[in-house]
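This report looks at pockets, aromatic contacts and strand pairing in a single protein model. Please keep the sequence and the coordinates at hand while reading.

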Amino acid sequence: MPMSSAQFSPLERNPATGELFLRLPSPHSTIILTPPRPSDAAAIAVIVNDPAVHPWLGRPNDIFTLEEAQALVSEYTRASSAVIYALEESTALEGTITSATPSVQCEQLVPVADCPVRSIRELQADGTDVYIGNIAFKRCNWHEVQSPERDQLIAANNARPTGDPEIVWQVSDFLAPTHHRRGLMTVILATVLKQWAISRMRVHHLHVSVFTGNTGSVRVFEKNGFVLSGTVEHCIEIRGEMRSLHVLDWKHVE
Ligand SMILES: CC(C)(COP(=O)(O)OP(=O)(O)OC[C@H]1O[C@@H](n2cnc3c(N)ncnc32)[C@H](O)[C@@H]1OP(=O)(O)O)[C@@H](O)C(=O)NCCC(=O)NCCS
């Protein structure tokens, strides 16, 4: 298990398993975020296929298969592991810094490309936990923009180096219907944004699109300071149907 370090703050470690986690503030402290686990795939498949979730995610097929869920978990795991590796490398480097090294270097936190915790879990009374959803920050995809402008925006954004505050980000999230409308995603987004994304990924601009009719998602973003900048009608084809998107932006204020 790697040594503890300021580089991992404010993530904590499960003393029994060594797994990193981020806990929501009270009164939601039974909810934690951790790196993905292989077992998440089965739970993700159930949640994503639920009629309260599936219409809002823009998946290309009517059924989200277990194989697709496994591929998603593998992708999430690679991203999460890469960040954890970068944090461990920085921690090891701190250990080699000598007293001759300027102290400011010791205090610098490396910018990272992602948030290593994105699987949302509810702790149970018996100490186990249950997977209840996901939140991911990704470089923006501008779903509401048509190519070739869209391709140019994505290419320029992807060319920016890790930690560049000019990077435009988007957020993808979903929660098990059993846990909808308890105020959870509002707090989860606020927590990841304030505890990790702004300080560790240097996220300064978020640009998200939400299918029209998804009032809950729009409200989660608005309650976190996002501003609705417009609605683009019939801009994206999902399973043979042209759908419209609300577009919202959030900018970091120093
Ligand atoms: C969108 C989603 C993540 C919201 O999570 P949540 O934890 O249920 O949201 P919250 O409880 O924090 O609710 C935030 C606000 O939205 C409102 N809200 C939530 N769901 C709503 C719904 N279905 N209809 C109307 N309002 C809704 C809440 O009342 C609350 O508003 P208020 O404080 O003004 O009363 C969740 O509904 C979900 O997983 N949906 C399916 C997947 C999805 O849409 N993902 C986002 C894709 S862009």
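## The second largest pocket

Asn14, Pro15, Thr17, Glu19, Phe21, Arg23, Ile32, Arg37, Leu123, Gly127 and Asp129 line the second largest pocket, whose volume is about 160 Å³. On a 1 Å grid over the protein atoms alone, a pocket is an open set of points where a 1.4 Å probe fits, with protein on both sides within 12 Å along at least five of seven lines, and lining residues have an atom within 4 Å of a point. Grid points are joined across faces, edges and corners, and a volume is the space filled by probe spheres set on the points. This lining divides into four nonpolar, three polar and four charged residues, where Ala, Val, Leu, Ile, Met, Phe, Trp, Tyr, Cys and Pro count as nonpolar, Asp, Glu, Lys and Arg as charged, and the others, Gly among them, as polar.

The model is predicted, so that local features need pLDDT of at least 70 and side-chain atom pairs count only at pLDDT 80 or more, while totals for chains, interfaces and linings use all residues. Residues are numbered from 1 along each chain as its sequence is written, and side-chain values use heavy atoms, with hydrogens and water left out.

## The largest pocket

The largest pocket holds about 1300 Å³ of space. Its lining comprises 42 residues, of which Trp56, Leu57, Asp173, Asn214 and Ser217 are the closest to the centre. Two or more lining residues come from each of helix H2 (66-96), strand S6 (168-175), helix H5 (184-200), strand S7 (205-211), helix H6 (215-223) and strand S8 (227-238); helices (H or I, at least four residues) and strands (E, at least two) are DSSP runs numbered from the N terminus.

H6 gives the largest share of this lining, with seven residues. By residue class, the lining of the largest pocket divides into 19 nonpolar, 15 polar and eight charged residues.

## Aromatic and charge-ring contacts

Two aromatic pairs are counted, under a rule that pairs rings of Phe, Tyr and Trp (its six-membered ring) if their centres lie within 6.5 Å, with planes under 30 degrees apart counted as stacked, over 60 as edge-to-face and the rest as tilted. Phe221 and Phe226 form a tilted pair, 4.8 Å centre to centre with 50 degrees between the planes. The pair of Phe226 and Trp250 is also tilted, at 6.4 Å and 35 degrees; because Phe226 lies in the loop between H6 and S8 and Trp250 in strand S9 (residues 241-251), this pair ties together parts that are 24 residues apart in sequence.

Phe226 is buried at a relative accessible area of 3%, and Trp250 is buried at 9%, where buried means under 20%, exposed over 50% and partly exposed in between (1.4 Å probe, protein chains only). Elsewhere, the charged end of Arg243 sits over the ring of Phe211, 3.8 Å from its centre, and Arg200 lies over the face of Trp196 at 4.9 Å from the ring centre; the criterion requires NZ of Lys or CZ of Arg within 6 Å of the ring centre and within 35 degrees of the ring normal.

Nine strands form an open sheet with mixed pairing, in the order S1-S2-S3-S4-S5-S6-S7-S9-S8, two strands being paired if DSSP finds at least two bridges between them. Strand S1 (12-13) and S8 are the edge strands, each pairing on one side only.

S1 pairs with strand S2 (residues 20-23) in the antiparallel sense over two bridges, with Glu12 opposite Phe21 and Arg13 opposite Leu20 as its bridge partner.
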